[in-house]
Amino acid sequence: MNATRCPPDRLIWRTCPILGEPSSVDEAWLTGPERRRADAIAHPARKTRFVVGRALLRRTILELRPDLEGSALALTIASSGRPHLSGHPELSISISHTRGLAVAAASTLGTVGIDVEPRSRNDLPPVHAWLTDDEQRRLLAQPVPAVPSWLLNLWVAKEAVMKTSDPGHPIARVDLEVRDDGRGGGCAIVPRAGGGGSRLTMVRVRLAVVDGFVVAIATS
Amino acid sequence: VTTDDLRDLVIEVLSGIAPETDPSSVDPTEDLRDELDLDSMDELNLITRVSERLGIDIPERDYRRMRTLDGAVDYLAGRLDPRLG
């Protein structure tokens, strides 16, 4: 492949199970500083998620941009918690992990945000703390059996969207309105009039279910 | 309400959110998300439960001030007695 050719704009996201200890294959993807950081993480599950997540993110980036050199991928984490690939402002990357699964996304289409939660998760915060007034009204219209999944989908969608926002102007969850975009299950996010979300124009969110987990991928 | 009361309250709420951990043993200056392996949902549950117990509203822009045990205690003390904030 010609290393100077500009690849077509696209977005990809990938998943990886998180099982017990990190594998030597995953650890081999880490840079020296990352290995030292992993060794310093006392919480075993958190260490595994860190190693699996970094390895997955690198594999995802290289799948999108096979013209890059794997050993030269310098991942940095901004103070906002958002990952960046040094020297490649045209690439947006995002990562999320939960108990059992890591997900990563890489995009040249714009800013990407990804989030994941187990579908079985049932400890969502009180709705007044993160739903807009309109979302709370729509919640009341949901059939009772559908409420848990409706709420969880909304949660991961909002978390993914928040990762696409300007870190200098964080958006409150109650200022993000999630709506069905009428295009077969996707969601659109629009700002709530007068809210902090007024800096946000429109973010597309796609939801997917993977092996008992719900994943949201947002692009702005 | 003393700062010790507030510390006990935060630790009690954390114990309910992360029952497999020992919140009383965390480094009070370290990020609770790292110390107790909390995620964003746990973090919002902590804030809403503390908010309800104390009867105060905690705006989302202030959530980052609740990320360490010491930070949470200082923030809550300031909210309950603005002369301390």
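A cavity, on a 1 Å grid over the protein atoms alone, is a set of points where a 1.4 Å probe fits but cannot get out, and its lining residues have an atom within 4 Å of a point; the volume is the space filled by probe spheres set on the points, which are joined across faces, edges and corners. In this predicted model, local features need pLDDT of at least 70 and side-chain atom pairs count only at pLDDT 80 or more, while totals for chains, interfaces and linings use all residues. Residues are numbered from 1 along each chain as its sequence is written, chains are lettered from A in the order in which they are written, and side-chain values use heavy atoms, with hydrogens and water left out.

A search of the whole structure finds 1 cavity of 30 Å³ or more, and the volume of the largest cavity is about 40 Å³. Its lining is formed by B:Asp31, B:Leu32, B:Arg33, B:Leu38, B:Glu43, B:Leu46, B:Met66 and B:Arg67, a set that divides into 4 nonpolar, no polar and 4 charged residues (Leu and Met count as nonpolar, Asp, Glu and Arg as charged). At least two of the lining residues come from each of helix 2 (32–36) and helix 3 (40–54) of chain B, where helices are DSSP runs of H or I with at least four residues, strands are runs of E with at least two, and both are numbered from the N terminus.

In the loop between helix 2 and helix 3 of chain B lies B:Asp37, whose phi is near 60°, a positive value in a residue other than glycine. B:Asp37 is buried, with a relative accessible area of 7% (buried means under 20%, exposed over 50%, with a 1.4 Å probe and protein chains only).

Within chain A, strand 4 (residues 92–98) has 5 of its 7 residues buried, and strand 4 pairs with strand 5 (residues 101–107) in the antiparallel sense over 7 bridges (pairing requires at least two DSSP bridges). A:Ser94 stands opposite A:Ala105, and the two strands form a hairpin with 2 residues between them, where A:Gly100 in the turn has a positive phi of about 110°. Elsewhere in chain A, A:Asp211 is found in the loop between strand 9 (203–210) and strand 10 (213–219); its phi is near 45°, and A:Asp211 is exposed, with a relative accessible area of 72%.

Definitions and conventions. On a 1 Å grid over the protein atoms alone, a cavity is a set of points where a 1.4 Å probe fits but cannot get out, and a pocket is an open set with protein on both sides within 12 Å along at least five of seven lines; lining residues have an atom within 4 Å of a point.
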